[in-house]
Amino acid sequence: TGALTDAVLGALRHADSLRRLEVRANADTPEDAARARALGAQGIGLCRTEHMFLGERRALVEAMILADDDTAREQALAALLPLQREDFTGILEAMDGLPVTIRLLDPPLHEFLPDRTELALRIAAAEDPDPRDRALLKAVERMDEQNPMLGLRGVRLGLAVPGLTAMQVRAVAEAVTARLRAGGDPRAEIMIPLVGTVEELRLARTEVERVLAEVAEETGTPFDCPIGTMIELPRAALTADRIAEAADFFSFGTNDLTQTTWGLSRDDAEASFFPLYLDQGVFEVSPFETIDQDGVGRLVEIAAAAGRAANPDLETGVCGEHGGDPASIHFFHRVGLDYVSCSPFRIPAARLEAGRAALIGRAEGSDSR
Ligand code: PEP
Ligand code: MG
């Protein structure tokens, strides 16, 4: 096995010397970040923050999202700030010297809110119902959505809940400052999810910049922090030229982009009718697994080109599941993206595939960039 390990390591080194695509990881804990780094990740392309709001912190999230009164929301946000700062400090430490793209909260809200029926039953069963339960039920009813995946998520949530974006950005900025003071080399980037129009991005960006400046002023330690956006809605892809003017980077969220381009639920479609479609030959392979070059892929290609034309410094990558899929990696290489980001365990294969893609591009003389 020693010889085999040497051969694999040799192949990986060779692939690394050839490839133009960088390979980053999707990771949201220090442990995953360290694992990814050991497997050769060149940074974190997507640090989701949703899991950081579950478990014991759920009650705080409910208070933050549902609070009618400003004081309760502000208290919840104040309690979340140090927890988030710890989350980010650990991840930045594990990825010291490498980019860490932290995405602002993008929860499908139904996963966070208390169950409406349960709540109603609890109120009905109680002799003297808790007024908090009543308030919660009213709020849940107000926020209940038939299609949470097309609802109050991503940038919309950040714009709707006062103080949420500021809390997360402050946590990032304070974590960066703490790492700088400890002699580290933190390289945080902030990413705004589910943007459909440049106006949303401009509003969110203004808030992010305001908080970064505020913390820099307080600490006297300014630092660079690129601010970018996910491109995961067809409208964002089609207006990429305008969006690029307010973004330092694009990260293609091909999971949502596939869902919204095809009108197929990423949570349900594979289980319900994909078997039939695969049988009937409509699909050779699930478009959630391998990039659909004619539809979703075209949007990626159009948006990357338009984005770069409008903003020559724009960095482009992909952080949907396709970032770790071999056939998709070849496609992303051909359309000239700068990086793919995938689950830690897929990193070695992604490095090899990115190397092969570069080799094929050279042999064909087709590399555009
Ligand atoms: C995506 O939509 O492709 C993505 C990376 O974001 P998430 O899977 O968290 O929605
Ligand atoms: Mg998404």
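Helices here are DSSP runs of H or I with at least four residues, strands are runs of E with at least two, and both are numbered from the N terminus. On that basis the protein has 17 helices and eight strands. Its radius of gyration, taken over C-alpha atoms, is 22 Å.

Some housekeeping. This is a predicted model, where local features need pLDDT of at least 70 and side-chain atom pairs count only at pLDDT 80 or more, while totals for chains, interfaces and linings use all residues. Residues are numbered from 1 along each chain as its sequence is written, and chains are lettered from A and ligands numbered from 1 in the order in which they are written.

Next, burial. A residue is buried if 20 or more other C-beta atoms, placed from the backbone, lie within 10 Å of its own. Buried residues make up 44% of the 369.

Helix α15, residues 296–310, has 15 residues and reaches 21 Å from first C-alpha to last. The expected span, 1.5 Å times one less than the number of residues, is also given as 21 Å. Its buried residues include Val296, Leu299, Val300 and Ala303. Seen down the axis, the buried residues of α15 fall within an arc of 155°, taken from the directions from the axis to the C-beta atoms, so they line one face of the helix.

Last, the ligand. Which helix gives the most to the shell around ligand 1? Helix α12, residues 254–262, with three residues.

Note on methods:
The radius of gyration is taken over C-alpha atoms; the globule rule is 2.2 Å times the number of residues to the power 0.38. A residue is buried if 20 or more other C-beta atoms lie within 10 Å of its own, exposed if 12 or fewer, and partly exposed in between; C-beta atoms are placed from the backbone.
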